[in-house]
Amino acid sequence: MISARSRGLMAAKMLMKGTAARMGVMKRVSLVFKAKANKALDKMEDPRETLDYSYQRQLELLTKVRRGVADVATSRKRVELQMNQLQQQSNKLEDQARKALGMGREDLARGALERKASAQGQLNDLQVQYAQLQGEEEKLTVASQRLQAKVDAFRTRKETIKATYTAAEAQTRINEAFTGISEEMGDVGMAIQRAEDKTAQMQARAGAIDELMASGALDDAVGGQRDDIQSELDMMSASSDVENELSRLKGEITAAAPKQLEGGANGNSQGAQAPQAGTQAPQGQAQPASIPAADRPAEPQDGEG
Amino acid sequence: MIVRISGEGQFSIDDAATAELNRLDSELEAAVNRNDEAAFTAALHGLLDQVRAHGSALAADTLEPSDLILPPEDASMDEVREMLTEEGLIPG
């Protein structure tokens, strides 16, 4: 019978040789796994005690991998939230650009589109990372199910061995089960480590995007510090709404009988007193000078809040 | 023969398929040795596809150790180098 210790040494020696002689990656990786299992086997006095100890570690690892799944899911949800925010931002900016263009302000439209491009760039990056996190989450979920199945099988085997065999006999019986479960544990441990690394990268990235959004660099302006585009648009659209009303009314006057002017004007106008309503003059905006400014009910320019 | 794809599970694979596995494995190792990430990725994916195509997945509750272990699909060359050292990626 080969003792646990000499098995461990053998694996270690093969590993060293493998590095020198060409043994292939697959064999060398499996030897690393075996060397680790053997090191653990070497430590035990009565192998049956090790079964219990190993089982405890398996249960701990199960808890850890489940927590890993939850952590990745949390990160994924955070990314999802950010993606939604960026998408909204991007939509608003495009909307603003459209409005600005409609008012002949290409400069404002350009500014809005530049911010949109920045938001869109962040969004594209996040989509890639989101998919990665989703992949990690699925992998860990499957890994935890597989580990659970193996832990259950190990517990059964362990009880049989403890009940049936002497310490000496147990050692050989244990070897395979122990090496098999160690390999799984090593693999799951590595999967958790990789998922944690990716999640940490993701967290750092999410933090950076939060900061970017808080800085207002991607802001559509409403609620942000940099509300130049929106406020200018607001002023302009306030005046252009009036312009539109005016031309609509003018059209009605031309089309309808001159005497029914009043009724037509009040029917579906947005401004309460459309014909009389004027505009707060925005700096430098062209507007009919003949119409006096009046208190026009403030209208929300769009649905954002 | 039992082959594990790290992060994916264990496969039972017919000995007839091992010649091709060994060929791809040599390519993989050569790529690692000459630091060729593109060749590394190609060889790794070739290996994994070969195992998936010719292997049948072992039941989740098996306790059998694997004869060969392959790096995960998205492993980088640096990660594989680390896997080849005892202090490397594999915990325990």
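This is a predicted model: local features need pLDDT of at least 70, side-chain atom pairs count only at pLDDT 80 or more; totals for chains, interfaces and linings use all residues.
Among the contacts in chain A that join residues at least 6 apart in sequence, 77% are between residues at least 24 apart. The mean pLDDT of chain A is 76, and 72% of the residues score at least 70. Residues 221–226 of chain A have a pLDDT below 50, and this stretch makes 12 contacts in the model beyond near neighbours in sequence. Residues 264–296 of chain A also stay under 50, with 53 contacts beyond four places in sequence.

One salt bridge within chain A pairs the side chains of Asp52(A) and Lys162(A), at 2.8 Å from N to O. Asp52(A) belongs to helix H3 (residues 47–102) and Lys162(A) to helix H4 (residues 106–164), so the pair ties together parts of chain A that are 110 residues apart in sequence. Asp52(A) has a relative accessible area of 28% and is therefore partly exposed. Lys162(A), at 32%, is partly exposed as well.

The interface between the chains involves 42 residues from chain B and 38 residues from chain A. About 3600 Å² is buried between chain B and chain A, and 58% of that area is on carbon and sulfur atoms. The polar side of the interface can be counted too: 21 residue pairs are in polar contact across it, both residues being at pLDDT 80 or more. On chain B, strand S1 (2–5), strand S2 (9–13), helix H1 (18–33), strand S4 (68–70) and helix H3 (77–83) each supply at least two residues to the side that touches chain A. H1(B) gives the most, with seven residues. By residue class, this side of chain B consists of 20 nonpolar, 11 polar and 11 charged residues.

Arg4(B) takes part in a salt bridge with Glu183(A), at 2.5 Å from N to O. Arg4(B) also forms one with Asp187(A), where the closest N and O atoms are 3.0 Å apart. This second pair crosses between chains, from helix H5 of chain A to strand S1 of chain B. Both Asp187(A) and Arg4(B) are buried.

Helix H5 of chain A, which spans residues 167–215, also carries Arg194(A). With a relative accessibility of 11%, Arg194(A) counts as buried. Beyond its neighbours within four places in sequence, Arg194(A) contacts Glu136(A) as well as Pro72(B), Asp74(B), Ala75(B) and Glu79(B). With Glu79(B) there is a polar contact between side chains, at 2.8 Å. Arg194(A) is part of a salt-bridge network that links Glu136(A), Lys139(A), Arg194(A), Lys198(A), Asp74(B) and Glu79(B).

Within chain B, Glu73(B) and Arg52(B) form a salt bridge, with the closest N and O atoms 3.7 Å apart. Glu73(B) sits in the loop between S4 and H3, and Arg52(B) in helix H2 (residues 37–54), so that the pair links distant parts of the chain, 21 residues apart. Glu73(B) is partly exposed at a relative accessible area of 43%, and Arg52(B) is partly exposed at 29%.

Key
Residues are numbered from 1 along each chain as its sequence is written. Chains are lettered from A and ligands numbered from 1 in the order in which they are written. Side-chain values use heavy atoms; hydrogens and water are left out. Contact means heavy atoms within 4.5 Å. Buried area is the accessible area (1.4 Å probe) that two parts lose on being put together, summed over both. A salt bridge is a side-chain nitrogen of Lys or Arg within 4 Å of a carboxyl oxygen of Asp or Glu. A polar contact is a pair of N or O atoms within 3.5 Å; within protein, one must be able to donate a hydrogen and the other to accept it, and residues adjacent in sequence count only if both atoms are side-chain atoms. Helices (H or I, at least four residues) and strands (E, at least two) are DSSP runs, numbered from the N terminus. Ala, Val, Leu, Ile, Met, Phe, Trp, Tyr, Cys and Pro count as nonpolar, Asp, Glu, Lys and Arg as charged, and the others, Gly among them, as polar. pLDDT is the predictor's confidence in each residue, from 0 to 100. Buried means under 20% relative accessible area, exposed over 50%, partly exposed in between (1.4 Å probe, protein chains only).
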